[in-house]
Each structure stands twice: as structure tokens, then as C-alpha cells.
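Subject: Structure handover

Hello,

Here is the structure I promised to pass on.

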Amino acid sequence: MQFTPKLTNVETSIFSVMSALANEHNAINLSQGFPNFKSDQKLINGVTKAMNSGYNQYAPMAGSMELRKAISNKFQILYNSSYNPETEITVTAGATQAIFTIISSFIKPNDEVIIFKPAYDSYQPSIEANGGKTIGIALEAPHYKINWDVVKDHINPKTKMILINTPHNPTGTVMSKSDMLKLQELTNDTDIIVLSDEVYEHIIFDGEQHQSICRFQNLKQRSFITASFGKTFHNTGWKIGYCCAPKLLMEAFRNVHQFNVFSVHHPTQKALADYLQDSSHYLELPSFYQEKRDTFLELIKDSRFTFTPSKGTYFQVLDYSEITTMNDVKFAKQLTIKNGIASIPLSVFYDNKIDHKVLRFCFAKTHDTLKQAADILNKI
């Protein structure tokens, strides 16, 4: 028998590679993006309570109405923007599933999707699994800003979608109001769909305001937002998120969603809906994570690594060019094996493996972990 897979030459995720290496060598793992501290016990207890209260069968396909109403209320409070919980919000098995389903709902063979690299590593395989063509536009170190003139040059009749991510993983940068207005201008009077990955929307620093796609009316009408409860509530292993879009776009999304997921873990939805009624947790996240960022950077200020402080997410990019000319993948592996600290090299996210001599470190860790990591980095 002969089989023809849709995805070929797909390498093991760098996150899996570096985490496995960290486990093998008992290294501090600042590579994969997950907190090493617990979420609120009240939320954890809420899941148990929901199970004991009978929320153990299928949730509605689009998600618990109680949770969708809570999500809608959050958008109204934070962004003065409304999504109808009945027709414009769907709860998903994490944001990555939402992204794959959005792409599957609209991208056909030979459609082009613009993404900005370095990019989260699920984007391109999701496009190619559906026969689409990825148009990767490189962001240049150290500021990783979008050159909108370059974007304009790449838009053509085959352009079906533009995928943005703010705050940005892996660089920790954020898109400005000016960026959003440029995107709005470029997509006006087109059939281009915008997919806005906003999973780190609540983790933004230095008094910056998250420029959600929903703040811009013309953009909102052509856009999906994907978001993550895992990032917000320190429980990435729960794999629960949601997406929002105007009714016509969401109808197309649900046509696919109902057949590849159908519905998401019901007890967790109930717990989140209850928790959101009387919790301002997400309002506290900017200061919570900024303190961790500032602590980490203060601890390594005398090291040979250089940096521009992260503007958002819980990732910090460190430049090691004053230490070695070694390729970033080799250096990241060396740090893990010989020095006992794991990170993520950014070159793997570029088509042509552009190597800016930078590594990404996750600072969503306890103070003790950050102190141990800094002690290692300061000796390099």
C-alpha cells in the first residue's frame, strides 16, 4: 500500500525538542510557554463542583451560553465592542484548534495567506494542510515591526487571509493603533479575511493598551479573534479558548467546528463562567507579569546578554551576539546540555532560518525559578 500524506517534511516542533532536551538533562525549562505555578484554587474547585453537579455530558456545540455571555460582557467592558453570544462567539479546544478551524473553513487550494515571521509554528502547517500557500513576511530584529509597504506589495487576487498575532509570540512585541489602521486601509474593499491571534491580550506592559482587532469597525467586520483561557488563567493544559467573529463568518466556522470538535469540556466551561462573574483576574495580569519581566531583567542586567524589554506575552528575547557567533539552534542546545537552561531559538520560525543570534525565554515562572535561571545566565 502507498499513502500520500497532506503534510510532508514536517519536523518535530522546536518546543517538543527543547522540552525533551530539558527533561533529559534536568535543565530549567524556560523554553515552552507555560507557568510553573498554580491557577486560582477557586477555579480548580469550580471544575470539581461542576462535575459533581452533573455537568458531565456534551456542552452545546458553540459552547455554554453562560460562558459565551461572560465572554461577550468582557469585550464590552474592555473594548467597548459587542459580540452576540448566540451567533458570534464559539468556545474551542484551545486557540490552536480555533486557528486550524478558521483556516479550514475558508482556505482552498492555491489560496494565499500572509503571515509574519517569526510566527507561532501551527500557522503554516494549518494553511498547507488545506492546500493553501503561505506568504511569509519577515520581521526584522531587534524591533520586529511590520513593513506595511511590503505587505501591500504581496497582496494580490489570490490573497484570501492575513494572519496577525498581538502581543506577538515569540518576539514579545505589540501592534500599535497605527498598525491596525494600516491593516484596515489595506483590506478595505477587498474580500480578505483577517485572523487575529490575541491569546496574550491581557499580558501587555508599560501602560500600553491592547489594540484588539474589534476596536476597528471596518476590520472587525472581516475578522476573527482567537483567545485563550489557558494563557489568562495559568492552566494551559486545560486547552480551552474561544473565537469571535461576525455572524456570517462564524456560521462558516461552526460548519467545520461541529465535525472536528463538536463541543468542549463542559465542567471547565461551567467553572469559567462562574469564575468570570466575580473575578477581575485578567485586569491584574499586566502588573502581575510585568513584575516577573522586570525581576528577570534586573537579575540578568549584568550578564553578557542584551535585550529590549518585552512589550507583551510572557516571553523575553535575549541577544547573545556578544557571547558567541554560534548558530542559535546549536547555542540553545548547548545551554540546555552544558549549562542547564532551555530556551527557544528564533531562526526555526523563518523560512530561510534567519539567525539574529537571539533566544526566547519564558518568564512565567516562580521567583525561585527565575533566580536560578538568572544565576546560570550570569555565568555564561
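Helix H4 (95–106) gives the most to the lining of the second largest pocket, 3 residues. (Helices, H or I, at least four residues, and strands, E, at least two, are DSSP runs numbered from the N terminus.) A pocket here is an open set of points on a 1 Å grid over the protein atoms alone, where a 1.4 Å probe fits, with protein on both sides within 12 Å along at least five of seven lines; lining residues have an atom within 4 Å of a point.

This is a predicted model: local features need pLDDT of at least 70, side-chain atom pairs count only at pLDDT 80 or more, and totals for chains, interfaces and linings use all residues. Residues are numbered from 1 along each chain as its sequence is written, and side-chain values use heavy atoms, leaving out hydrogens and water.

Back to that pocket: 25 residues line it, and Gly33, Thr96, Tyr120, Lys231 and Lys239 lie nearest its centre. H1 and H9 also supply at least two residues each.

The largest pocket is lined by 29 residues, with Glu11, Asp121, Pro125, Val348 and Lys353 nearest its centre. Its largest share, 5 residues, comes from H5.

Lastly, Thr226 sits in strand S7 (residues 223–228) and is buried, at 0% relative accessible area.

Best wishes

Definitions and conventions. Buried < 20%, exposed > 50% of the residue type's maximum accessible area, 1.4 Å probe, protein only.
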